[in-house]
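Reader: I have a few questions about how the terms are applied here. Could you take me through them?

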Amino acid sequence: MSENDSLPDATKNLPWPEQYQALSKSAQAPVLKAFYEAGCVSEDTPISEVAMVALDFETTGLEADAHSIVSIGLVPFTLDAILLNQAKHWIVRPRLPLHQTSVTFHGITHADISDAPDLSDILEEVFASLNGRIPVVHFRHIERPFLNVALQYRLNEGIRFPLIDTMAIEAHLHPDRQPSFFKRLVGEKPISIRLADSRKRYGLPHYAAHNALVDAIATAELLQAQIQHHFGVQTPIGNLWL
Amino acid sequence: MQAELIDIRNHLIQHAPFDEMPEELVNELTTNIEISYVRAGTQITETGQISTRMYYVRSGAVEIFRRSGELYNRISEGEIFGQFGLLMRGQVRFPARALEDSLLYCVPKEIFHHLFENDENFADFVEIEDRSRLRSAVSRREKSNALMTSRVNRLISRETVSAPTTVRLQEAARIMTDQGVSALLLMDEECGATCDRERLVGIITDRDLRTRAVTEALPSETPISEIMTTGLITIRASSYVFEAMLTMLHNNVHHLPVIDGDEVRGVIALADIVRYESQSSLYLVSNIFHQQDVKALKKISRDVRDSFVRMVNEDANSHMIGSAMAGIGRSFTQRLLELGEEKLGPPPVPYCFMALGSMARDEQLVVTDQDNAMILSDSFVPEEHDAYFLELAKFVSDGLAECGYTYCTGDIMATNPKWRQPLKVWRSYFTDWIENPKAEALLNSNIFFDLDGIYGRTEFAEELKALISEKASNSQLFLSLMARNALNRTPPLGFFRTFVLEEDGKHQKTFNLKRRGTAPLSDLIRIHALACGSRAQNSFERLKGIGKTKLIMEDDLSNLRDALEFISIVRIRHQALTLEAGGEPDNNVRPEDLSPFERSHLKDAFQVVSNAQKFLRFRYNSQATRHV
């Protein structure tokens, strides 16, 4: 969960729809005001009725305080349809220098980012896709903290929202994914809950390319599969979001 | 399109009809896809539901049902479904259910209609499904060949030139010269008051004047009726030019009177057709008859393969190519028999030289061995006459081998005394095969049920055809054992419409288009033809005959016709490509050598073969004797 130091605990403990209402009044930046005003579904809403947006960031590292966002991919979707005609992808100029290691990882180079906009230049576009939708990510310790820090830095205020983490769902489904010492002796491998490995378990295809948009689409597909296999379309969103 | 979506686009463009779609349209399509994951067993669409999307299977498998609940089709990766409902502007026609966990790319109906209106290839593809898709694949090829789209009546350039049969030789020659024609039609005017129209009874050509009149030094007053050709082979005005070509090839004639109802519309000559096909196989045929010895025949036999490749490149259909190749093979045989008779003297008793198998069916290709036999007159006395016929048979067989028609490994050749017998023995062979059938024996005699007299007393062969047609349809045991044998070879299609591959001699994973495709098809067509008493030999002609008896539904017949055409043409194209690359053609293809279009349609075609085999099994309640 993101931090907003000035926020009273009473607000933080409100159910999400009411919390959004309160935040829409206290938020100063227009993009954030609009985000909260778009509202949040109540926790008993069936997942099949929830508008979601799969979100993926490529970053220069894993620490929100020390590293920066390099690219953003997102695709709005529901359980029924991942809408490619609303898919978006941006490369943004990171605040901190690119490390060579992360270049080799996500393939975005210095040349790509030298002309890229700063995140503040595209915030309105990004929020146009986020407003009114529940974000879905694979591994929740990237997108939410990175977005929070980036907004703190640029707007002087952070952001709070619930999200669904497909990796957390896999972790929940495979609590004993590290085999015991004995099982490891007989060759049993740990169960991987990384995106590509999780997808394989549902028969989802392999995507050759790795970029924020493909990973966002891959995450959306994974959630559709998880719901169909383990939860059912009537599952209240409150059971899934974190 | 976002460059990041390229993975999705790249999957689409590997599959028909997206493989031929213009890039902007594919990009537009990709951008508008809605992805949906469905679990095995999920009902994706239901009958009567409003259609809103077409579906593309990205991974997994989906089953399509008829309204009756019967399984209609199984769709796997890279294939589409749901297009029918959209075309009907309304309701789902074939409900779909996920067979496996599947990832579907859904195309919203607005985008579907946009593609439909802007890409003709896409429109053609979605408008027709499977077997009808196969049909349009076949007809699209054929549209590009003028021989197959032009009708005979377009070749008639002038009024019919005719004369009464009562004219004299010199008068006939004068009319032909004055009118500048190479053939004169001869009409019977003696039909009295019962008819008001003259009746076509004969033809005389330039060549006839040379060979029959001049060389024989006939008096100029000879009645033309004494030297004209009767028992005319004609062609209907509405026939296609290629049919006229096949008729000429098959009968070795160079002029065809064109008939429209009862009326004679004109004459078309070889030269009229050759205009349509610059380097016609008809030339090769007439050339064969000009060669004076085996050595010379061998020399021109090298042109056969060129002629084959040329026809393929000119987009001829398989019926045309098969008939042309058979016509060429038949001509070599006929010329060799003429040369043999010149060398050995006239035959001591009448005989008929008979072609068997693919040549008899007019379905010959370039890789072929010789299958032939002799029917001798019943006046044949072995001690007195057989030495002559053995020598003639050897002369022909050796000559054919020189010309590239290898000896038959099963020894089905006139050189084998068993297949050089008088008509009465042949009658007893066929009677025995049909009335006391044994599965194993029929495996070997199968080939004799495709037969055609090609030289000498061809009426002997016609007698055998009559006997077969009369007896076969009455012997259920014979038909059911034939059916059993026909089921030994199955199409190379796995459960999920994947190709089942075998290792060939060169250790490559291939499937055999003849053994697994055209052969099982012609086998099962033969059985239905025998069951309905058809005397046709060519598989396409047999299908026509079967159609008249209503033994098989018209739809299923067209499917069989299209499947045969498509598998044959892929086989032919494969051989032509090998020849052009300087290789030795065979029947084994690797799936990766086929275009996605061919792969997809071949699967449809093999599915037709498979269904037809199921019908055969059901009809004759027969199981395969063994699996090959």
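Author: Gladly, and let us start with a pair of strands. Strand 15 (residues 351–356) and strand 16 (residues 372–376) of chain B run antiparallel and are joined by 5 bridges. The model is a predicted one, where local features need pLDDT of at least 70, side-chain atom pairs count only at pLDDT 80 or more, and totals for chains, interfaces and linings use all residues. Residues are numbered from 1 along each chain as its sequence is written, while chains are lettered from A and ligands numbered from 1 in the order in which they are written.

Reader: What makes strand 15 and strand 16 of chain B a pair?

Author: Two strands pair if DSSP finds at least two bridges between them; strand 15 and strand 16 of chain B have 5 bridges, so they pair. Strands themselves are DSSP runs of E, at least two residues long, and helices are runs of H or I, at least four, numbered from the N terminus. Within this pair, Cys352(B) stands opposite Ile375(B).

Reader: Why are strand 17 and strand 18 of chain B called edge strands?

Author: The open sheet has 4 strands in the order 17-16-15-18 in chain B, with mixed pairing. Strand 17 (420–422) and strand 18 (451–456) each pair on one side only, which makes them the edge strands.

Reader: Which strands does helix 16 of chain B lie across, and how is the helix directed?

Author: Helix 16 (residues 382–402) lies across strand 15, strand 16 and strand 17 of chain B, at about 155° to strand 16. Such angles run from 0 to 180 degrees between N-to-C directions, with axes fitted to C-alpha atoms, for helices over the stretch in contact. Helix 19 (residues 458–472) of chain B packs on the sheet too, touching strand 15, strand 16 and strand 18, and makes about 160° with strand 18.

Reader: How many residues of chain A are in contact with chain B, and what counts as contact?

Author: Contact requires C-beta atoms, placed from the backbone, within 7 Å. By that rule, 25 residues of chain A are in contact with 21 residues of chain B. Helix 11 of chain A gives the most to its side, with 8 residues.

Reader: Why is Glu124(A) called exposed?

Author: A residue is exposed if 12 or fewer other C-beta atoms, placed from the backbone, lie within 10 Å of its own, buried at 20 or more, and partly exposed in between. Glu124(A) has 11 such neighbours, so it counts as exposed. Glu124(A) lies in helix 6 (residues 119–130) of chain A.

Key. Contact = placed C-beta atoms within 7 Å.
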